[in-house]
Amino acid sequence: MINLLLLPIILPFFFAIILLFFKENVRVQRTLTLIGLAISFTFSLVLMAKVKADGVQTLTLGSWPAPFGITMVSDMVSVLLVTTSILITFFIVMYSFEAIGKERERFYYYPAVLFMLTGVNGAFTTGDIFNMFVFFEVFLMASYVLIVLGGEKKQLRESIKYILVNVISSALFVVAIALLYSVIGTLNMADISVKIAEVGQPGIITVIAILFLLVFGIKGAIFPLYFWLPGSYSAPPIPVLALFGALLTKIGVYAITRTYTLFFIHNMPVTHELLLVLSILTIVAGCIGALAYFDLKHIMIYNIIIAVGVILFGVAQMNDAGMTGAMFYLIHDMIIKGALFLLIGIIIAITGTSNLRKMGGLMKTNAPLGWMYLIAAFGLAGIPPLSGFTGKLLIVKGAFEAGNVWGSVFILASSLIVLLSVIRIFIYAFWGEPVELPTTKRRSYRIMIVPAALLVVISIAYGVGTEWIVPYMTDASDVLLKPSIYIDAVLKE
Amino acid sequence: MEFVMAIVIGILFMAAVYLILSKSLLRIILGTGLLSHGAHLLILTMGGLGGTSPPVLAEGVTDYVDPLPQALILTAIVISFGVTAFIIVLFYRTYAEHKTDNMNLMKGNDEHD
């Protein structure tokens, strides 16, 4: 079954096309979406077992030899990200049944989600730089539809800014690929890595490296390119926000990780030092934003930016502990951000506002929600038995080994600020005097809390079961730190 | 020839940046159009402007133009075409809802939409 690594990409695509024929029948759409995601998830688990057992899986489309056709590569990094993406989408779709509303469901909401998942999984799996651009456009187009679907005044206004920024960064991506092609003369990522190693990264390649950082930095919201994110992400409804917050910025992070560990590794004092400084500035900017707002959505949105900084800081260390920590933290952050956005979505649905000052006393009426939120918040900050701990511990360890003592201090201080910002939500919303609540249906609350609770449980299991996950993460960091594994798998004779 | 093309592409990028930084929605659309023109011409130029025959197999021809950049451009053109069509409709809807095409007037936050 050599086509196994295509299934997580093709299955969502196939189901999305089927769904286009059932526009009015919401019940069929919901069932088919869940079935499609469940099947994709099963196959991605099979693929993960195969990658674990047999090493990096590659497939060259159309059986053309490696540098000439499009190669799809599934190493441990990409298969972990693909599996997590499908899992999170599954729970967010479950949550959408109640939260998104009939009107949006009738206008191709589920196909758009599945098309976005196609693009996301494709971008994680591809081994060709131009093909990566195409998959970027696939998920971006779907995300344009999702961000504007519903056509509220605010959504229209903010989606213009989102689309404009992404159109410009896509044009820059094309420019960067054109320049790289003119210097190197190939588009296959393994082949690019070999050719760059042959010429030893002259100045022009370093310039292209920084151009790539610019392009992926806009997608991944690093300092100073994060300016579009807070406004755009506050516009769409909560399930879409959860989907974007958990998946979209992480693709930028993945693309930076991939290019900076596979291509541009011969002039590290310039490129990786820049990445290090930018990641610390990203953390600082995110912390300032997370403390500045009294709005649930905005606090969580700035926490996305902090996490992007932490992951890239781990990547910039380029040593074993830092890279393993970055992979741990990346997967943890996708799960916990999904869970937290769904939980604050429930809080907003119950109280009818996203302003913290107008809330209070939810612990008396919604105690399970409060405890779940508290666990997720501790997980985000990295309290030991929970999921955020191992990743951050390894990142800090890697930074000390690489001699970046000040960077580690920033990481540890940022954890405190993250904890402060999320606990502030807990104190304001759950403690204090109860306020008048608008009447909501108990049934809709129960339907929404199930997927959120499952995601919290998964994040707890991820934290407690670290020992089982370690071999997968070391495989992932091995393939990132030793490009020869990747290259040999793709360019085998 | 590549030198002339580089100058032309530079001018296209300059005009695109100027238009995108303006206030009117329509000018911004024109700017994105120019930006994608510049990017596509850049792919063509960076692939090299050598070669004399179009990349179609024919008897006795050996000096072909590089076919890869042309395929890349074709892909990039349809993508930017789709995105531009979406943007134009989106801007039209925004204009209809907000009753303005001035980007400076499209502010607002949660308190006052």
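Predicted model: local features only at pLDDT ≥ 70, side-chain atom pairs only at ≥ 80, totals over all residues.
Along the principal axes, the C-alpha atoms of chain A occupy a box of roughly 70 × 55 × 45 Å. Chain A contains 21 helices and 2 strands, and 66% of its 493 residues count as buried. Of the contacts between residues at least 6 apart in sequence, 81% join residues at least 24 apart.

Two helix pairs illustrate the packing within the chain. Helix H12 (residues 268-292) of chain A packs against helix H13 (residues 296-317) of chain A at an angle of about 160°, with the axes 8 Å apart. H12(A) is therefore roughly antiparallel to H13(A), and their crossing is left-handed. Residues in this contact include A:Leu275, A:Ile283 and A:Gly286 of H12(A) and A:Ile299, A:Gly309 and A:Phe313 of H13(A). By class, the contact of H12(A) with H13(A) comprises 16 nonpolar, 7 polar and no charged residues.

For helix H16 (residues 367-381) and helix H18 (residues 405-430) of chain A, the packing angle is about 170° and the axes lie 9 Å apart. H16(A) is thus roughly antiparallel to H18(A). Among the residues that meet are A:Leu369, A:Tyr373 and A:Phe378 in H16(A) and A:Val418, A:Val422 and A:Phe426 in H18(A). The contact of H16(A) with H18(A) has 14 nonpolar, 2 polar and no charged residues.

Methods: Residues numbered from 1 in each chain as written. Chains lettered and ligands numbered in written order. Heavy atoms only, no water. Axes fitted to C-alpha atoms, helices over the stretch in contact; angles between N-to-C directions. Helix = DSSP H or I, 4+ residues; strand = E, 2+ residues; numbered from the N terminus. Parallel < 35°, antiparallel > 145°, perpendicular 65-115°, else oblique. Contact = heavy atoms within 4.5 Å. Nonpolar A, V, L, I, M, F, W, Y, C, P; charged D, E, K, R; others polar. Left-handed = near helix turned anticlockwise from the far one by under 90°. Buried < 20%, exposed > 50% of the residue type's maximum accessible area, 1.4 Å probe, protein only.
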